[in-house]
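Here are some notes for a colleague who is opening this structure for the first time. They are set out as numbered points, and they go from the whole chain to single residues.

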Amino acid sequence: MFKVETYSDSREKNYDLLIKQLKALIEDEKNAIANFSNASALLNQFLDRVNWVGFYLMEDGELVLGPFQGLPACVRIPLGKGVCGTAASRKETLRIEDVHAFPGHIACDAASQSEIVVPMIKDGQIIGVLDIDSPEKNRFDELDQQKLEEFVEVLVQYIN
């Protein structure tokens, strides 16, 4: 039975509710593109002070633009290039306070000031990344990183 729940004053509890909403949206759907699409829309609705939320998916050894919310974006990113390619090649989350200070940053939206990229790993293999940009410097903190990593873990469980 569907139950309406509201966000609280606790960011941690709100993230937990977000992850619960993600499960409800994707648990019965097998199509990966539909699930990535709903996940990006859900994050875009939930997060404040962001200007781009979306996925880059591995295809033939490079990251290719997947479902997203925001302005048109770079289509292909080689592994090791920019924040997304670096996070994917390292298989670790990168939280960048000032994208202009990141060597080799790929500027798709000139308004972006900070970024968090969470790699998606399934069976030890990188399948893509979650990329979120903000027009504010130092927008993302440790709690954002922890909960977005949990969000990605749940999402990856439902991706074939």
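**Notes on the fold and its interior**

1. The protein chain has 4 helices and 6 strands, and it should be kept in mind throughout that this is a predicted model. Read from the N terminus, the elements follow the order α-α-β-β-β-α-β-β-β-α. With a radius of gyration of 15 Å, close to the 15 Å that the globule rule gives for 160 residues, the protein chain is as compact as a globular protein of that length.

2. As for overall dimensions, the C-alpha trace of the protein chain spans about 50 × 35 × 25 Å along its principal axes. The accessible surface of the protein chain amounts to about 8,400 Å², and carbon and sulfur atoms account for 49% of that surface.

3. Turning to the interior, 45% of the 160 residues of the protein chain count as buried. When contacts between residues at least 6 apart in sequence are considered, 53% of them join residues at least 24 apart.

4. An unreviewed UniProt entry lists residues 31-160 as "domain: GAF"; this is an annotation taken from the record, and such annotations may be inferred rather than shown by experiment. In the model, the end C-alpha atoms of residues 31-160 lie 8 Å apart, and the span is 31% helix and 32% strand.

5. Helix 3, which covers residues 82-90, deserves a look of its own, since 7 of its 9 residues are buried and the helix is thus mostly covered. The buried residues are Gly82, Val83, Cys84, Gly85, Thr86, Ala87 and Ala88. What covers these buried residues of helix 3 includes strand 1, strand 2 (62-70), strand 3 (76-78), strand 4 (94-96), strand 5 (114-122) and strand 6 (125-134). Just after helix 3, Lys91 takes a positive phi of about 55 degrees.

6. The aromatic side chains form 4 aromatic pairs. One of these is the pair of Phe36 and Phe55, which is tilted, with 4.9 Å from centre to centre and 45 degrees between the planes. This pair links distant parts of the chain, as Phe36 belongs to helix 2 (residues 32-46) and Phe55 to strand 1 (residues 52-59), 19 residues apart.

7. Are the two partners of that pair, Phe36 and Phe55, buried or exposed? Phe36 counts as buried because its relative accessibility is 4%, and Phe55 is buried as well, with a relative accessible area of 0%; the cut-off for buried is under 20%.

8. A further aromatic group can be located in the model: Trp52, Tyr56 and Phe68 form one aromatic cluster.

Definitions and conventions. Residues are numbered from 1 along each chain as its sequence is written. This is a predicted model: local features need pLDDT of at least 70, side-chain atom pairs count only at pLDDT 80 or more; totals for chains, interfaces and linings use all residues. Side-chain values use heavy atoms; hydrogens and water are left out. Rings of Phe, Tyr and Trp (its six-membered ring) pair if their centres lie within 6.5 Å; planes under 30 degrees apart count as stacked, over 60 as edge-to-face and the rest as tilted. Helices (H or I, at least four residues) and strands (E, at least two) are DSSP runs, numbered from the N terminus. Buried means under 20% relative accessible area, exposed over 50%, partly exposed in between (1.4 Å probe, protein chains only). The radius of gyration is taken over C-alpha atoms; the globule rule is 2.2 Å times the number of residues to the power 0.38. Contact means heavy atoms within 4.5 Å. Accessible areas come from the Shrake-Rupley method with a 1.4 Å probe; for residues, only the protein chains shown count as cover.
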